[in-house]
Amino acid sequence: MKPSFDILIVGIGGQGTVLASNVLGEACIIENRTVRSAETHGMAQRGGSVESHVRIDGKHGSLIVPGTADLLIAFDLLEALRYRHYLPAGGRLVVNRHLVVPTSVYQQGLAVPDEESILAALSDLDVACIDAAELAEEAGSSLSQNIVMLGAASGDIPLRPETLEEAVRRCVPPKTVEVNAKAFRLGRAAAGERGAPAP
């Protein structure tokens with residue numbers, strides 16, 4: 001058994017990928033756990049891909065080796081497809097039922113992928129598909145979709161849910177604390193109560 005629990009969070013610039021990884025880091029600090037993390041932003045400000053590597057109990061290096069991630073959290077269906085090689089067969093994927101079609105697809109006259117075909121391509125994984133937009137609106141702000149996704153994935157993360165929620169409260173802007181706390185709880189409920197892996 002490897003010593004760290006490795007989580008890759010992926011999305012598009014502006015979706016809150018880095019904030020989500022900061023919440024995980026803060027939760028590790030609260031529980032006095034070692035954590036290593038790194039972000040790759042690329043063309044994030046122009047809607048490009050963003051990836052955040054978080055290694056709970058990690059001691060050597062912050063980047064996850066493809067094929068070894070314990071959990072992939074994707075804020076967009078296409079990003080799930082782009083980064084699925086980080087998971088082994090049967091690996092756990094928590095993905096937002098959201099699809100941003102790249103401009104290049106339209107420019108080159110390519111076929112626009114749909115949710116059904118993307119999920120079919122991910123069928124060898126253990127997938128939880130969450131409608132984060134609807135839950136974020138219910139919580140009070142569409143901007144809380146990233147926290148909804150963290151809540152949805154919380155049952156798969158070896159940190160206590162109450163610790164994660166406290167980390168959310170510490171990391172989000174003060175005026176959005178209650179909205180984001182509710183978003184976390186709604187996401188957690190939507191994914192069902194999975195027993196978290198042992199720390």
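His85 sits in the loop between α2 (77-83) and β5, in what is a predicted model. With a relative accessibility of 42%, His85 counts as partly exposed, because that class covers residues between the 20% limit for buried and the 50% limit for exposed.

Once neighbours within four places in sequence are left aside, the residues in contact with His85 are Pro66 and Gly67. Pro66 lies 19 residues from His85 in sequence, yet their C-alpha atoms are 6.0 Å apart in space. The side chain of His85 also reaches the backbone oxygen of Arg82, at a distance of 3.3 Å.

## The sheet

The model contains an open sheet of six strands, arranged in the order β2-β3-β1-β4-β5-β6, and the pairing within this sheet is mixed. At its edges stand β2 (35-40) and β6 (126-130), and since each of these has a single partner strand, one side of each is left without a neighbour in the sheet. On average, and with direction ignored, neighbouring strands of the sheet are turned by 15° against each other.

Strands of a sheet pair through backbone hydrogen bonds, in either a parallel or an antiparallel sense. Here, β1 (residues 5-12) and β4 (residues 71-74) pair in the parallel sense over four bridges, and Ile9 has Ile73 in β4 as its bridge partner.

## A helix across the sheet

Helix α6, which spans residues 145-153, lies across the strands β4, β5 (92-96) and β6.

Methods. Residues are numbered from 1 along each chain as its sequence is written. This is a predicted model: local features need pLDDT of at least 70, side-chain atom pairs count only at pLDDT 80 or more; totals for chains, interfaces and linings use all residues. Side-chain values use heavy atoms; hydrogens and water are left out. Two strands pair if DSSP finds at least two bridges between them. Helices (H or I, at least four residues) and strands (E, at least two) are DSSP runs, numbered from the N terminus. Axes are lines fitted to C-alpha atoms, for helices over the stretch in contact, and angles run from 0 to 180 degrees between N-to-C directions. Contact means heavy atoms within 4.5 Å. Buried means under 20% relative accessible area, exposed over 50%, partly exposed in between (1.4 Å probe, protein chains only). A polar contact is a pair of N or O atoms within 3.5 Å; within protein, one must be able to donate a hydrogen and the other to accept it, and residues adjacent in sequence count only if both atoms are side-chain atoms.
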